[in-house]
Amino acid sequence: MCDIFVALTFRFSHESCRAVLAFSGLMIRLAWHCNGSYREFDGRGGCDGGRIRFDPEINWPDNANLDKALQLLAPIKEKYGSSLSWGDLIVLAGNTAIESMGFPKLPFCGGRVDDADGSDSLILGPSDAQEELTPCVSIGQQGMCDSPLGPTTMGLIYVNPEGPVSDPDNPVSSGLDIREAFSRMGFNDTETVALVGGGHAFGKAHAACPDPPCGEGAMRGIGKNTFTSGLEGAWTPQPTTWTNLYFQNMLNLEWEIGTGPGGHQQWAPTNSDLDIIMLTTDLALRDDPTYLPISQLFAENITALEEQFAAAWYRLTTADMGPPERCINDKPEEIPPAQWWQQPLPNMMLAIEVDYIGARSKIQALIDEDSNNIAAFANLAHRCAATFRVTDHKGGCNGARIRFAPESEWPENAGTADALATLEAVKDEIPGISYADLIVLAGQTAIETAGGIEMDFCGGRVDATDGLGSMDALAPRYYNDTAQVLLVRDDMQVKGLSAKEGVALFARPKNSDEVLSNEYFVQLLAGEGEYDEYEMALLEEEFLPIVEEFAGDDSKFKVIFRSAWTKMMTADRYDGPVGNVCTDRIDPTLQRDAPVDVEDGEEMVSDVSREGDEGFRSLNSGNPSMRSDLVVGLFLGALTLCLL
Ligand code: HEM
C-alpha cells in the first residue's frame, strides 16, 4: 500500500515501491519542458498548442518519460473535454504541483488552444524543416547550435546537463551555455538563476534502476525502473517541500565530480552525508561570476527567491500567450496586469467618440493634394502592422510604437516618419484619435483610393507612451545564407498569413505607385520592372502558381488583398484567446448608412483561429473543483503506477 502524504506528492512506503517518488516534480518538469521550447526570436515554441503531446517534441531525448506525465493527466482531460485544453492543463498541473509543496499561489493565464498535431514544432528541430531554414546538426555543430534555434543542442530544449559537448564537466563553460539558451527564451540572469534553482528545489533526476533492463521495454519510466536522464538523485534533502536549500547546499558544501549509477557525470558533496546531487549546469550558478551573487542572495533570502521565481515562472508559462486580453480565468481579477514583456498599453479612452468620418476626409484631402501619399500611407500602415506575430501574439500596430525608437530606426521603416509628419495635421484636428487608428485609417484610405475594394474600419486602438514594447525580436528577421523563398515563407507563417494572402500583399502600393491591381503580377511574370530579391522569390515553384492566378484574375487578387490587409490591421485586437474585438465593431468612415457588404473572400477578416483548433474556451480552467480533480487524478494515477 502506498502512503500519500502531500496533495500531489507521493512517498511510497510499500517495499514494492521506490522510497521517494514525486509526481509533483514530474508535473513541474512537464510544464517547464512544454513552455521552455519558446524562443523569442520568432515567437515559435511554447506550450500554447500543447504540441508536447506529439512528435517531434515528445520524442526529443530531453522529454523522456513525459508521456507518463501526460498519461496521468489524461483522465482529467477526458473529464473536461474541449472545455480544457492540453496546454492549459499542463500549465495548471505545474502550478498546482508547485503550490502543493508550499509555494504561494501562482498567477494563471488560461486560454491556450490545442494544435491538432505537432507540425508547428518541426521548425524547432531536429527536422528537415529546421535543417532547411536553420541548419545545425548536419554540419556537425551539435552542442553549438546558434540562435535562432532555442537549444544549443538538438533534442534538448535548453543545454546539456553534463556541460557543453565541447567542454564537459566545466561549470563555467556551462554557465555561458545556459546564459545563451535562456536568453533565447528571453530571460535575464536573475530570472534564469531563479528558474533553475527554484525548479530544482523540487523532485529528482532518475537513473537508479535496481532491476535491469532499465530505460526500455514496457516498464520504461515506471516505478522503480524509472530511468530518464541517466542522472540520479535529488538536489535537496526535502524535494517535496519549497525551500532554498538548493542554493544553501550548493554554496556551503564542497562538490566533487563522479560517475552516477546511470553512468553519467554528476556531482556529490564531499563534506556532508547528505544524499544529494548537483549537475554541472547547477554548479554553473555558483561558478559563473554573474550568477554567483544572485545565488548568494537566494541562499540568504527565500522571499527574494520566491518573488523572482513566481515572476519568472509566470513569464515562462505565459510568454507565448500575447497580451492579457487573451487570458481567461474564472476569476478574471486574478489575471495579472500586463507585464513589461507583454507590451503593456494604456487603457482605451472610452469617453471620447472619435470622428473617423472627419479623419478620413482629411486624409483623403492629403492624398488628393499629393498622390505620393498613397504609397507613403500604405507603407506606414503596413510597416506599423508588420511586427505582428501569430506565433506568440505579440506586435501589431496597436500602440503605434513605430513612432518611437527602436522601431522608427529600423532600416525597413525608412520614410515612415515623413508619412507620420504629414498626418500630424489630421491628428491635431480630430480630438481623441490615436496615432494607431490614424495610421491604419490612412493606410486603408490609400489602398481604397488606389483601387482596392472598400474595407470595414475598426477603431479603438490606443497609443503606447514609449517604444519599450518594440522588443528587438519584433524587428524583421534575418537568417544566414538562406534562400529567399524560405524567408518569404517564414515571414508569412510567423504573421499568420496564408500563402495567397502573403503573396497578395506584395502588390501593395510602393514608392510612387498609385494603383493597386494585378498588373504588378503581370509585370513580374514578364520580367518588366525592378524587383528586390524577396519579390523575385515569388517566381519560385512554391509561389509561382499563385502569382499566375493573380496575374490572370484582378478581382480574385483584390478580394484576397482586402482580406489579407484587414487581417494584418486587426490581428492584434484580441478579445479572449480566439476572439477579436473587430468581429463586432465597424466604425463608419464614409458618409453613408449601411456598412460595406463582405464579399466571398477566401480568408475571412476576423478569422484568427488556426486550422485544427478545437475552438474552445477553457472557462473553468482556474477553478477550485478542477484543481481538486488534478489532485485526485494524479493520486489515482500514482496509485496505479505504484501498484504495477
Ligand atoms: C540549465 C537548465 C536545466 C537543466 C540542465 C536541467 C536538467 C534536469 C535534469 C537532467 C533532470 C532530471 C530528469 C530525470 O532524470 O528525471 C531535471 C529534473 C527536473 N527539473 Fe530541470 N533542468 C534545468 C532547468 C529547470 C527549470 C528551469 C525547471 C523549472 C522551473 C526545472 C525543473 C525540474 C524538475 C522539477 C525536475 C524533477 C523532475 C522529477 O522529479 O521527475 N529544471 N532537470
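This is a predicted model: local features need pLDDT of at least 70, side-chain atom pairs count only at pLDDT 80 or more; totals for chains, interfaces and linings use all residues.

Me: Let us begin with the whole chain. How many helices and strands are there in the protein?

Reply: The protein contains 21 helices and 8 strands. Of its 644 residues, 51% are buried. Sequence separation gives a further view: among contacts between residues at least 6 apart in sequence, 74% join residues at least 24 apart.

Me: Next, the ligand. Which residues are closest to the ligand, and how many surround it?

Reply: The ligand is surrounded by 25 residues, and the closest are Gly-25, Gly-199, Gly-203, Thr-228 and Ser-229. By class, the shell holds 14 nonpolar, 9 polar and 2 charged residues.

Me: Which helices and strands each supply at least two residues of that shell?

Reply: Three elements do: helix H1 (23-35), helix H6 (189-199) and strand E3 (204-205). The greatest contribution to the shell comes from H1, with 5 residues.

Me: How should I read a pair of packed helices? What do the axes of helix H12 and helix H13 show?

Reply: In general, such a pair is described by the angle between the two axes and the distance between them. Here, the axes of H12 (residues 372-385) and H13 (residues 416-429) come within 9 Å and cross at roughly 110°. Angles of 65 to 115 degrees count as roughly perpendicular, and H12 is therefore roughly perpendicular to H13. The contact of H12 with H13 comprises 5 nonpolar, 4 polar and 2 charged residues.

Me: Which residues in H12 and H13 meet?

Reply: On the H12 side they are Asn-373, Ala-376, Phe-377, Asn-379, Leu-380 and Arg-383, and they meet Thr-416, Asp-418, Ala-419, Leu-420 and Thr-422 in H13.

Me: How do I read a nonpolar core, and which residues of the largest one touch the most other members?

Reply: The general idea is that nonpolar side chains tend to be buried together in soluble globular proteins. In this case the largest nonpolar core has 75 residues, of which Met-27, Leu-30, Ala-31, Ile-90 and Ala-93 touch the most other members. Taking one of these, Ile-90 touches Leu-30, Ala-31, Cys-34, Cys-47 and Gly-50, when residues up to four places away in sequence are not counted. A second, separate core has 63 residues, including Tyr-435, Ala-507, Phe-521 and Leu-524.

Me: Now the backbone. Is the peptide bond from Asp-55 to Pro-56 cis or trans?

Reply: The bond from Asp-55 to Pro-56 is cis, with omega near 5°. Pro-56 is placed in the loop between H1 and helix H2 (66-80). The peptide bond from Ala-405 to Pro-406 is also cis, with omega near 10°, and Pro-406 belongs to the loop between H12 and H13.

Me: Is phi of Gln-343 positive or negative, and where is Gln-343 found?

Reply: Phi of Gln-343 is near 50°, a positive value in a residue other than glycine. Gln-343 sits in the loop between helix H10 (302-318) and helix H11 (356-369). A residue is buried if 20 or more other C-beta atoms lie within 10 Å of its own; Gln-343 has 24 such neighbours and so counts as buried.

Me: What is phi of Ala-400, and is Ala-400 buried or exposed?

Reply: Ala-400 has a positive phi of about 45°, although it is not a glycine. Ala-400 lies in the loop between H12 and H13. Ala-400 counts as buried because it has 24 C-beta neighbours inside 10 Å.

Key:
Residues are numbered from 1 along each chain as its sequence is written. A residue is near a molecule or strand if its C-beta atom, placed from the backbone, lies within 6 Å of it. Helices (H or I, at least four residues) and strands (E, at least two) are DSSP runs, numbered from the N terminus. Ala, Val, Leu, Ile, Met, Phe, Trp, Tyr, Cys and Pro count as nonpolar, Asp, Glu, Lys and Arg as charged, and the others, Gly among them, as polar. Axes are lines fitted to C-alpha atoms, for helices over the stretch in contact, and angles run from 0 to 180 degrees between N-to-C directions. Angles under 35 degrees count as roughly parallel, over 145 as roughly antiparallel, 65 to 115 as roughly perpendicular and the rest as oblique. Two residues are in contact if their C-beta atoms, placed from the backbone, lie within 7 Å. A nonpolar core is a set of buried Ala, Val, Leu, Ile, Met, Phe, Trp, Tyr and Cys residues joined through C-beta atoms within 7 Å. A residue is buried if 20 or more other C-beta atoms lie within 10 Å of its own, exposed if 12 or fewer, and partly exposed in between; C-beta atoms are placed from the backbone.
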